[in-house]
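Subject: Structure for your review

Dear colleague,

Please find the structure below, together with its sequence. My notes on helix packing and on the strands follow it.

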Amino acid sequence: MVETTQIDKVNVVKAAGRIDSHTSPELKEAFDGLLDESRYKLVFDMSEIEFLSSSGVWVLLETQKRCRLRNRGDLVIASANDNIQKTLDLAGLMHFMKMYEDVDSAVGSF
Amino acid sequence: MPKEIFAARLENLARICEFVTTVSRETGFDEADTYSIELATNEACTNIIEYAYGEGMEGRIECSIEVDEKGVTIVLRDWGRPFDASEIPEKNFDVPLEELGARGAGLRLLRGAVDEVVFEPLPGEGNRLTIKKFR
């Protein structure tokens, strides 16, 4: 369900379907794997995510905390649909994460 | 009134949500409202599974839906520990990123997604949670 690819210095994480308390551990594992390898410039491609719960929101926030520590990087969001953006907004995540329309723009932001 | 009973397990969240979103779509709610109903139901059921029942405690969730011209009412019944949401502070995001903790985000999404949320702890008999989304 979760794929990771590398484009230059940036790693792109792509997941699909539902991110809830049952499925979010797999997403966390993918992000933690990259962070443990000192990869801190991350794009989360949400183009195929249909649903995001608070457990998914917390995976993103915990990942962002590690990325931004000592200004070493950033986690940015690409291709979130309207419903996902509403969830991110309700959760207050817009304060802590930049959003881009597509993966190319997100990768280009670094 | 459509009603289904589910085992209170995280792997059933998708099935519970599918039950409510199917009724929501069939009764004329648009995709944005249907998503909000799904989000609230998901967060409410996650609380039931993780807090009312908790790790290692088997249980069930009864989900009833009533739709009328005003909107949809979802009643979630469990037989776990009484759960008083007022004891959990709603998440405050007006703090630096590094100070954010994990508790309260689910309740914020639950309350923000729909128009009414009523928690009713039933001592000795679990909980009843009523969610309303108006048209």
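At what angle do the axes of helix α1 (residues 24–36) of chain A and helix α2 (residues 54–68) of chain A cross? In this predicted model, the two axes cross at roughly 10° and come within 9 Å. Angles under 35 degrees count as roughly parallel, and α1(A) and α2(A) are therefore roughly parallel to each other. On the α1(A) side the contact is made by S24(A), L27(A), K28(A), F31(A) and L35(A), and on the α2(A) side by S55(A), G56(A), V59(A), T63(A) and R66(A). By class, four of these residues are nonpolar, four polar and two charged.

Chain B also holds a helix pair. Helix α2 (residues 31–53) of chain B packs against helix α3 (residues 105–113) of chain B at an angle of about 145°, the axes being 8 Å apart. The crossing of α2(B) and α3(B) is left-handed. Residues in the contact include L39(B) and A40(B) of α2(B), as well as L109(B) and L110(B) of α3(B). The contact comprises six nonpolar, four polar and one charged residues.

The strands of chain B are as follows. An open sheet of five strands has the order β1-β2-β3-β5-β4 (chain B), with antiparallel pairing. The edges are taken by β1 (3–7) and β4 (116–122) of chain B; each has a single partner strand, so one side of each lacks a neighbour in the sheet. From one strand to the next, the twist averages 15°. Strand β4(B) is joined by seven bridges to strand β5 (residues 126–134) of chain B, where R128(B) is the bridge partner of E120(B). Helix α1 (residues 13–26) of chain B lies across β1, β2 (60–67) and β3 (71–78) of chain B, at about 10° to β2(B).

Yours sincerely

Technical notes: Residues numbered from 1 in each chain as written. Chains lettered and ligands numbered in written order. Predicted model: local features only at pLDDT ≥ 70, side-chain atom pairs only at ≥ 80, totals over all residues. Axes fitted to C-alpha atoms, helices over the stretch in contact; angles between N-to-C directions. Helix = DSSP H or I, 4+ residues; strand = E, 2+ residues; numbered from the N terminus. Left-handed = near helix turned anticlockwise from the far one by under 90°. Contact = placed C-beta atoms within 7 Å. Nonpolar A, V, L, I, M, F, W, Y, C, P; charged D, E, K, R; others polar. Parallel < 35°, antiparallel > 145°, perpendicular 65-115°, else oblique. Pairing = 2+ DSSP bridges.
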